[in-house]
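Okay, thanks for coming, everyone. I'd like to walk you through one model today, so let me put it on the screen.

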Amino acid sequence: MKNILIIDDDPNIRRVYSDLLVSEGFGVSAAKSAEEATELLLREEADLVLLDINMPDINGIIMRDVLHVYNDKLKVIIASVYPVNQQQRWIARADDYFDKSQGAEVLLDKVRKVLEAA
């Protein structure tokens with residue numbers, strides 16, 4: 001089973017993504033902040049991270065660099081309200097990008113594609 005870590009400060013997003021991914025057979029952990037995500041990663045393995053950009057304290061732009069230092073093979077999909085082209089300009093080293101308005105099927109397709117490429 002592939003494990004996915006959701007890092008997003010919005011509890012509704014964490015719940016919706018968790019429910020969706022669990023229903024598709026993935027193991028899921030969720031964190032509301034970079035600090036909480038770091039603690040989770042020290043205890044649990046993750047194959048993929050869904051990372052929001054706008055978060056308090058440490059934003060997704062900085063957290064992507066932290067994840068890369070922690071494990072440079074860890075797959076990351078940026079999941080944000082910003083358009084994909086803007087996400088790509090801000091965070092160039094992600095495995096894929098997801099505009100939250102694109103819907104659940106697009107997210108699942110991106111998750112599967114990134115994990116299959118791993």
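Predicted model: local features only at pLDDT ≥ 70, side-chain atom pairs only at ≥ 80, totals over all residues.

H1 covers residues 11-23 and H5 covers residues 104-117. Their axes come within 11 Å and cross at roughly 60 degrees, and H1 and H5 are therefore oblique to each other. With that definition in hand, H1 passes H5 in a right-handed crossing. Which residues in H1 and H5 meet? From H1 you have Tyr 17, Leu 20 and Leu 21, and they meet Ala 104, Leu 107, Leu 108 and Val 111 of H5. By class, the contact of H1 with H5 has seven nonpolar residues, with no polar and no charged ones.

Now for the charges. As a reminder, side chains of opposite charge can pair when their charged atoms come close. How many salt bridges does the count come to? Eight. I'll take a few of them.

Let's stay on H5 for a moment. Lys 110 in helix H5 pairs with Asp 96 in strand S5, 14 residues apart, so this one links distant parts of the chain. The closest N and O atoms in the salt bridge between Asp 96 and Lys 110 are 3.2 Å apart. Are Asp 96 and Lys 110 buried or exposed? Both are buried. For that label, the relative accessible area has to be under 20%.

Arg 112 and Asp 109 are about one helical turn from each other, because they sit three residues apart in helix H5. Arg 112 is partly exposed at a relative accessible area of 29%, and Asp 109 is partly exposed too, at 46%.

Next, Lys 75 and Asp 95. Their salt bridge has its closest N and O atoms 3.8 Å apart. This pair also links distant parts of the chain, 20 residues apart: Lys 75 is in strand S4, and Asp 95 is in the loop between helix H4 and strand S5. Asp 95 has a relative accessible area of 33%, so we call it partly exposed.

One more on charges: Asp 8, Asp 52 and Lys 100 are linked in a network of salt bridges.

Let's move to the tryptophan, Trp 90, in helix H4. What does Trp 90 touch, if you leave out residues up to four places away in sequence? Ile 53, Ile 61 and Tyr 82. Trp 90 still counts as partly exposed, because its relative accessibility is 35%.

Most residues other than glycine have a negative phi. Asp 57 is not a glycine, yet its phi is positive, about 65 degrees. Where is Asp 57 found? In the loop between strand S3 (48-51) and helix H3 (60-70). Asp 57 has a relative accessible area of 79%, which means it is exposed.

That's my tour. Happy to go back to any of these on the screen.

Terms used: Residues numbered from 1 in each chain as written. Heavy atoms only, no water. Axes fitted to C-alpha atoms, helices over the stretch in contact; angles between N-to-C directions. Helix = DSSP H or I, 4+ residues; strand = E, 2+ residues; numbered from the N terminus. Parallel < 35°, antiparallel > 145°, perpendicular 65-115°, else oblique. Left-handed = near helix turned anticlockwise from the far one by under 90°. Contact = heavy atoms within 4.5 Å. Nonpolar A, V, L, I, M, F, W, Y, C, P; charged D, E, K, R; others polar. Buried < 20%, exposed > 50% of the residue type's maximum accessible area, 1.4 Å probe, protein only. Salt bridge = Lys/Arg side-chain N within 4 Å of Asp/Glu carboxyl O.
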